Amino acid sequence: MNEGMMDPGGPLRIDAAALAAESEDRFQRFSLIGWWDQRKLASARVVVIGAGALGNEIVKNLALLGAGQVFIADMDRIENSNLSRSVLYRASDNGRYKAEVAAESAKGIYPDIRATAFVGNVVHDLGLGVYRWADVIIGGLDNREARLAINRACMRLGKPWIDGAIERIDGTARVFSPEGPCYECTMSEMDWRLLQNRRSCNLLSRDEMATGKTPTTPTIASIIAGVQCQEAVKLVHGMESLAGKGWIFSGLTGDSYTVEFQRKADCMSHERLEEIVSLDAKADGLTVGELLAMARERLGASARLELARDVLESLDCPKCGRSEPVFASLGKAKASLAECPHCRGVRRDVRTFHMIDGHEGFLDRTLAGIGVPAFDIVTARAGERAVGFELSADADGVLGALSDAGEALQWD
């Protein structure tokens, strides 16, 4: 009971104003935790990648906690089978995009949350500017390729991220910080082999095959997402977290334990991009040549541009000599495109690039025209110096209402 509501030794007196103020404070119970600062949660920028079973629980928790700004990314639509594991979806939502419904439902739980949806492939379509905007990234997906892409983006931009994985009634939550061991440090030879199997012999992505879905329950999703969000709260408050560790839970026995990861000296994910320049430019408005000129003005004539993804420039038939320009992320091109449509049974050669040195024939194309997503960060490199150029004018279109919200927290 608040001070002033009871007179020791006298009759009980009710302070109506104090009771009214307390009842109007949605997060009053949180304030009873000594270190809790609701203002930090209100200003937090959280990216949630994946809006399936885990993602639903993550978004629900963030809304209940009063997280101020949440960016939800997912490319899939809601199916009937999602309804048994996804608290934010209803039967009437079937066929709609998961990210959009999750953002709407979050606002239904907490009207003051600023939630926006991104519908697209996080590996190929999500610009690195979103990671730079964020304070913390939470993953709720079951895809090694996506995890690796998230990890490399977070490490490059100095952002912590929290991974979750569930299967049957077991699960794990892992926290990766910029300075510690990362997801790539934990990958085994089997992980790399499975990733390699996603590509055909000419590096195009294999066509989707009918495979069984990972069996999960809403109960394990709730447990793992709860730990993920609890770690996010600790990170936002600047407290010690499970960074560099994983929490493992067995649903059959109720046992749990913590494992500690080791950082690999030769891990490819640990190159930090220390210098980033914000450009008042969009991916569909700035040409490759114009950006290369900016890079050389800053770094000298030897500067080259380095893209965050391999780009498929063209498919060239060795028999008929026809060349089909593509200019899309290599990972988005399916193996079924390899055969020349004019020469039956002839497989076309794949021409790719990720570096641009000024001798290319596409310098007059826009960055979007060579497959660079909106709000991306393109790296310019000269010798040992590297500078990132962020296409900041795309922020409004990608982040929506989130783009005008304060400065992101800095993680040392």
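Which strand holds M355? In this predicted model, M355 sits in strand 12, the run covering residues 349-356. Let us start there and then walk over to the helices.

Is M355 buried or exposed? With a relative accessible area of 17%, M355 is buried, because buried means under 20% relative accessible area. If residues up to four places away in sequence are set aside, M355 touches R304, L305, E306 and E360.

**Helix 3 and its two partners**

Next, turn to helix 3, which spans residues 53-65. In general, a pair of packed helices is described by the angle between the axes and the distance between them. The table gives these values for helix 3 with helix 4 (residues 98-109) and for helix 3 with helix 9 (residues 218-236).

| Helix pair | Angle between axes | Distance between axes |
|---|---|---|
| Helix 3 and helix 4 | roughly 30 degrees | within 9 Å |
| Helix 3 and helix 9 | about 45 degrees | 8 Å |

Helix 3 and helix 4 are therefore roughly parallel to each other, since angles under 35 degrees count that way. Their crossing is right-handed. On the helix 3 side, V59, K60, A63 and L64 take part in the contact, and they meet A102, A106 and I109 of helix 4. By type, the residues of this contact are six nonpolar, one charged and no polar.

What about helix 3 and helix 9? Helix 3 packs against helix 9 at an angle of about 45 degrees, which makes helix 3 oblique to helix 9. Here, too, the crossing is right-handed. From helix 3 come A53, L54, E57, I58, N61, L62 and L65, and from helix 9 come A221, S222, I224, A225, G226, Q228, C229 and V233. The contact between helix 3 and helix 9 has 10 nonpolar residues, four polar ones and one charged one.

**The nonpolar cores**

Which residues touch the most other members of the largest nonpolar core? They are I58, L62 and I72, in a core of 47 residues. Helix 9 gives the most to this core, contributing 10 residues. Beyond its neighbours within four places in sequence, I72 is in contact with V48, A51, V59, A99, A102, A103, T116, A117 and F118.

Most residues other than glycine have a negative phi. Two residues of this model are worth a look with that in mind.

R168 lies in the loop between strand 5 (161-167) and strand 6 (170-176). Although R168 is not a glycine, its phi is positive, at about 55 degrees. R168 counts as partly exposed, because its relative accessibility is 47%.

F375 is found in the loop between strand 12 and strand 13 (377-382). Phi of F375 is also positive, near 60 degrees, and F375 is likewise a residue other than glycine. Is F375 buried or exposed? At 4% relative accessibility, F375 counts as buried.

How values were computed
Residues are numbered from 1 along each chain as its sequence is written. This is a predicted model: local features need pLDDT of at least 70, side-chain atom pairs count only at pLDDT 80 or more; totals for chains, interfaces and linings use all residues. Side-chain values use heavy atoms; hydrogens and water are left out. Axes are lines fitted to C-alpha atoms, for helices over the stretch in contact, and angles run from 0 to 180 degrees between N-to-C directions. Helices (H or I, at least four residues) and strands (E, at least two) are DSSP runs, numbered from the N terminus. Angles under 35 degrees count as roughly parallel, over 145 as roughly antiparallel, 65 to 115 as roughly perpendicular and the rest as oblique. A crossing is left-handed if the near helix is turned anticlockwise from the far one by less than a right angle, and right-handed if clockwise. Contact means heavy atoms within 4.5 Å. Ala, Val, Leu, Ile, Met, Phe, Trp, Tyr, Cys and Pro count as nonpolar, Asp, Glu, Lys and Arg as charged, and the others, Gly among them, as polar. A nonpolar core is a set of buried Ala, Val, Leu, Ile, Met, Phe, Trp, Tyr and Cys residues joined through side-chain atoms within 4.5 Å. Buried means under 20% relative accessible area, exposed over 50%, partly exposed in between (1.4 Å probe, protein chains only).
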